[in-house]
Amino acid sequence: CFAGGPKLLQYAIKVIVQSVQLLYTMLKIDQPSYILLQNPPGLPSIAVAWAVCLFWRSKLIIDWHNYGYTIMSLSHGRNHPIVQIAKWYEKVFGRLSDYNLCVTNAMKADLWVNCNIKAVTLYDKPASYFKETPLELQHQLYMRLARDYEPFKPRTESVGVNTERSAFTEMDGKNVVKPRGRPALLISSTSWTEDEDFSVLLKALEDYEQFIKKGVKLPSLVCVITGKGPLKDYYNGLINKLRFKHIQICTPWLEAEDYPLLLGSADLGVCLHKSSSGLDLPMKVVDMFGCCLPVCAIYFECLHELVKHNENGLIFRDSHELAEQLKMLFLEFPTLEGKLHNFRENLRVSKELRWDESWDQTVLPLLGQE
C-alpha cells in the first residue's frame with residue numbers, strides 16, 4: 001500500500017489537471033448538438049464531456065473501442081486500486097451517455113450485460129486510401145525505401161543501363177515487373193506495447209529459416225514491422241541477435257502516405273494484437289483488408305467477427321502454428337497460386353463498406369430518431 005500510495009496520488013493530480021484543461025477548452029467551443037467521444041482514453045474525458053453536454057444541452061455519444069481499465073491492467077494488474085477505480089468510473093459515467101457505439105457484437109453484449117449500456121455495433125472500416133497499390137507505385141515506393149533500408153535493395157546489380165531494380169521489382173524503360181526469384185514481403189504494424197508479443201513472430205521466422213535449410217521450396221522473406229512504441233528498442237535488441245540467411249527484418253518508421261502504399265504492395269500481413277478486453281478488433285487488420293492483403297492473426301475470442309479463417313486469412317494460436325501457415329502459404333512462391341491467391345481474390349470480391357459509407361448507414365439513422 002505504501003508503494004502504491006504516492007503513485008495513486010500522482011495519478012489523481014494528473015487526472016484533476018487534465019480535467020480542468022479539457023473543461024476549459026471544451027467550454028470555449030461553439031455550442032455543439034452532439035459531442036462524440038472515443039473511449040479509451042475515457043479518464044477523465046467521459047465525465048468532462050458529460051458535464052459540458054449538461055452545460056450546452058448537447059447529446060453525448062461514446063464510441064467504445066475498448067475498455068481503458070483493461071489496458072491499464074496490462075501494466076498494473078487487474079486488482080490494482082487504479083485499475084479498479086478506472087473500471088468503476090467507466091461503468092458509472094458510461095451510463096450517462098445518450099448514445100453508444102461499439103466495435104464488435106461481443107462488446108455490445110458485454111456493455112449491456114455488465115454495464116446496462118445499450119450500444120450499436122459500428123465496425124471499423126478502412127479509409128478510401130487503403131487499397132491495392134499499382135505496380136508502378138510499388139516500384140517507386142521500393143526504390144524510395146531502398147535509399148534507407150537494406151532489405152529493399154536489389155540482391156544483384158542491374159544487368160542493363162536503363163534497368164532500375166529494387167528487391168521486389170525491376171523497371172526496364174517504362175515497364176515494371178516482379179521477377180520470379182524475388183523475396184516475399186511480410187508486413188506487420190505495431191505500437192510496440194504489452195498487448196502484442198512479437199517474440200511469437202520471431203520464433204516462427206526461426207522455424208521458417210529451418211524449413212528452407214531442410215530443402216522446402218520457400219522464398220526468402222523480407223519482414224517489415226512498422227510503428228513506434230515503448231518496447232521497440234527491446235525487440236530490436238532481440239532482432240539484432242538473430243542470424244538469418246534467408247530472412248531480413250527491418251523496423252522502419254514510415255511516412256503517413258507510405259504506410260497504405262506498403263500494405264497495398266505486400267504479400268501477407270501478420271497481426272499479433274491481443275485485445276486487452278477480448279472485445280475489440282485490430283484496426284491494422286481492417287486497413288490490411290482494405291488493401292486486399294491476406295492476414296495471419298493471433299487468436300482471441302471475438303476475432304472471428306473480422307478474420308474468417310480459411311476465407312480471408314488464417315488464425316493461429318502460437319509460433320509453431322504461424323510457422324506452419326507461412327510454409328503452407330509461401331510454398332513455391334510466387335509460381336504456385338494457392339491459398340494466398342484465393343484469400344486475396346475473396347477480399348477483392350467482398351467489397352466491404354468504407355468508413356464514411358458505414359457511418360451513413362449505421363449512425364445517421366440513429367441520430368435521425370430525434
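1. Helix 3 gives the largest share of the lining of the largest pocket, six residues. Helices here are DSSP runs (H or I, at least four residues), as are strands (E, at least two), numbered from the N terminus. A pocket is an open set of points on a 1 Å grid over the protein atoms alone, where a 1.4 Å probe fits, with protein on both sides within 12 Å along at least five of seven lines; lining residues have an atom within 4 Å of a point.

2. Keep the source in mind. This is a predicted model: local features need pLDDT of at least 70, side-chain atom pairs count only at pLDDT 80 or more, and totals for chains, interfaces and linings use all residues. Residues are numbered from 1 along each chain as its sequence is written, and side-chain values use heavy atoms, without hydrogens and water.

3. The largest pocket has 44 lining residues. Nearest its centre lie I71, S191, T193, D195 and H273. Helix 1 (4-26) and strand 1 (34-39) are among the elements that each supply at least two lining residues.

4. Where does the largest pocket lie? Domain 1 (7-125 + 358-368) and domain 2 (135-349) both give residues to its lining, so the pocket lies between them. These bounds come from an automatic or database domain assignment.

5. Now the second largest pocket. Its lining has 23 residues, with R182, D267, F333, H341 and R344 nearest the centre. Helix 11 (319-330) and helix 12 (339-350) each give two or more. Helix 12 gives the most, four residues.

6. Last, W112. This residue is in helix 5 (residues 105-115). Its C-alpha atom is 37 Å from that of L268, 156 residues away along the chain.
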